[in-house]
Each structure stands twice: as structure tokens, then as C-alpha cells.
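Please keep the viewer open as you read.

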Amino acid sequence: AHPTQYAKLPYDPSDLVPLARVSSTIIAVSVPTALNVNSLHELVALARKQPGKLNLVPTPGTTEITFDNFLKTSGVTMTKIPYSDVTKALTDLAENRVQVMVSGIAIVKSQVDAGNVKLLAITNFKRAAAVPGLPTAIEAGYPALALDGLIGLFGPRNLAPGTAERIA
């Protein structure tokens, strides 16, 4: 994601190779309970009625790029409100100052548990055991929002094969 978002990087992405998958983050589309939206379909319908009026907290990286693609393919616009730390946006989401956040479930869990924030769908390709009743974006009819939250280790291309295998 970085090469598409930043003009200058302190590294050359082509010098990195994947070594091992560590985990998979559950990425969810969250809205304030006060927004009275219960599905991605309802969110898209509301955004179409109010172009640019819904505020979105982008999570930098592939999540933001994927959500941008979802907006484009759905034909809706939202106003991005950037935060230097997306965890600081949580209060604004809970209080309906921002209306959409796409992030790891762990970030929004406290406000979901408090009843202030609602999860609409996960971006992961398969349902998550942690939230089995929550549909995937694909199941909800929005395959452009599909993104697995893979966490992995990368290393330099010239890493000794034995070292790469031990890390993996």
C-alpha cells in the first residue's frame, strides 16, 4: 500500500519478500448506533441520499485503498477525516461526529460492547469465529470491500535461505 500512498519511501518495496503469515486481523465496517444503519446496503443507500455528508475515518494502508474502491464501485462519496492515530477517532465515532470507520475489530470492541457502535460487516473473505453472526462484505453483496487482514513478516530479498526457513 505504501508506494501508492507516499511519494517517497525510506525503503524499496521490491527488496522485501514475504517470510511467514503470523495472524489474520478481523477488519470491520463500524458505524455509530445513533446512525440507525443496520447493514452495508443501508449505509450505501444513506450515502447516496447524502453525497459527501457522511464522515469516514480511513485506516491508512490497504484498508483505506480497499474502502476507496468500495466507495467508487458503490457510486458513493464520503468525506475523509484523517486522524494521526485511528484509536483517537473512536470517541468521535461513538458520538456520531464521524459515521464510518473501517478498522480492526479490536479497536472498536469497547464501544461495540458499550452499545455506542455497531458492526455492519467484516472485510475478511470468511466469517470470523469471534463474530459468527456478522456477514462478510462479499455475503452482503459488496465484493469490492473484501480484504483479509493478513499480518506477516517480511525480510530482505537476499536473506539466507536457511534463515528465512527458520523464521517461517
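Among contacts in the protein chain between residues at least 6 apart in sequence, what percentage join residues at least 24 apart? The figure is 66%, where contact means heavy atoms within 4.5 Å. Before going on, please note that this is a predicted model, in which local features need pLDDT of at least 70 and side-chain atom pairs count only at pLDDT 80 or more, while totals for chains, interfaces and linings use all residues. Residues are numbered from 1 along each chain as its sequence is written, and side-chain values use heavy atoms, with hydrogens and water left out.

The protein chain holds six helices and seven strands; helices (H or I, at least four residues) and strands (E, at least two) are DSSP runs, numbered from the N terminus. Read from that end, the elements follow the order α-β-β-α-β-α-β-α-β-α-β-β-α. The C-alpha trace spans about 55 × 35 × 30 Å along its principal axes. Of the 168 residues, 40% are buried, that is, under 20% relative accessible area, with exposed meaning over 50% and partly exposed in between (1.4 Å probe, protein chains only).

Now turn to helix 3 (62–74). Its 13 residues reach 18 Å from the first C-alpha to the last, close to the 18 Å expected at 1.5 Å a residue; the expected span is 1.5 Å times one less than the number of residues. Thr 63, Glu 64, Thr 66, Phe 67, Phe 70, Leu 71 and Ser 74 are buried in this helix. Seen down the helix 3 axis, these buried residues fall within an arc of 165°, so they line one face of the helix; the arc is that of the directions from the helix axis to the C-beta atoms. The face turned away from the buried side of helix 3 carries the exposed residues Lys 72 and Thr 73. Partners packed against the buried residues of helix 3 include helix 1 (2–5), helix 2 (40–49) and strand 5 (100–104). After helix 3 comes Gly 75, with a positive phi near 70°.

Leu 71 has a relative accessible area of 8%, so it is buried. Leaving aside neighbours within four places in sequence, Leu 71 is in contact with Leu 56, Val 76 and Met 78. The C-alpha atoms of Leu 71 and Leu 56 are separated by 11 Å, and the two residues lie 15 apart along the chain.

Grid points are joined across faces, edges and corners, and a volume is the space filled by probe spheres set on the points. There is one cavity of 30 Å³ or more, and the largest cavity has a volume of about 30 Å³. Helix 3 gives the most to its lining, with four residues.

The largest pocket has a volume of about 650 Å³. Of the 25 residues that line it, the closest to its centre are Ala 1, Thr 62, Leu 150, Gly 152 and Phe 154. Strand 7 gives the most to this pocket's lining, with six residues.

Key. 1 Å grid on protein atoms, 1.4 Å probe; cavity = no way out; pocket = protein on both sides within 12 Å on 5 of 7 lines; lining within 4 Å.
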